[in-house]
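Dear colleague,

Please find the structure below, handed over for your study.

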Amino acid sequence: MTDAKPMALALCLLFDSRSDRLVREMWSRLEARGVRTLETHTHGRHHPHLSYAVLLDGDVEAVRGAVAELPDGGPIELTVQGSIVFPRGRAALACSVPSPVAARQEQVVGALERTGAVLHRHYLPGHWVPHVSLATRATGDALAVVVNEVSDVLPLTVRAERCALIDTSTGRLWPVSGVP
């Protein structure tokens, strides 16, 4: 990376105001019930998002340049189908995406890899699980709270209309023109 300190970069789709509010309200309800969410995780400047790619290593300027060259595919509608749990109690909204969106994500990954960036294996083509993060360490009873909270809001559709490269360790955000 070009910066002296390590960065945790993610290329994220950001939501319209309605969808952003719905996810933030869910974070707040979970926090009120004792479940840690992105609302209070680390620096507390997280945005409701869907990650297209998470980079383990990469040059910010090269990545920004590669993404800027991608065509604008326009806003994306995501249908939330339920909840999903990842290792270490990370819980999220499980989203279905149309095949053109999966193709767009693969195009993004290809562009990022051509810069020399190293992507997390879960964001490589065929391994991406589209999700919107909710809880950071939900286990046992807390996991049941998350699942119930998600079930109470289904069906749910969210709309991604912006894109940004985000340093997830600090919350620093570099807007991307259009939505690749």
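Helices here are DSSP runs of H or I with at least four residues, numbered from the N terminus.

This is a predicted model, in which local features need pLDDT of at least 70 and side-chain atom pairs count only at pLDDT 80 or more, while totals for chains, interfaces and linings use all residues. Residues are numbered from 1 along each chain as its sequence is written, and side-chain values use heavy atoms, with hydrogens and water left out.

Side chains of opposite charge can pair when their charged atoms come close. A salt bridge is counted when a side-chain nitrogen of Lys or Arg lies within 4 Å of a carboxyl oxygen of Asp or Glu. By this rule there are five salt bridges.

One of them joins the side chains of Asp20 and Arg24, at 2.7 Å from N to O. Asp20 is buried, at 16% relative accessibility, whereas Arg24 is partly exposed at 31% (buried means under 20% relative accessible area, exposed over 50%, and partly exposed in between, with a 1.4 Å probe and protein chains only).

Helix α1 also holds Arg21 and Glu25, four residues or about one helical turn apart. Their side chains meet in a salt bridge of 3.4 Å, N to O. Arg21 is partly exposed at 41%, and so is Glu25 at 33%.

In helix α2 (residues 60-68), Arg64 and Glu61 are three residues apart, about one helical turn. They form a salt bridge with the closest N and O atoms 3.4 Å apart. Arg64 is partly exposed, at 33% relative accessibility.

Conventions: Helices (H or I, at least four residues) and strands (E, at least two) are DSSP runs, numbered from the N terminus.
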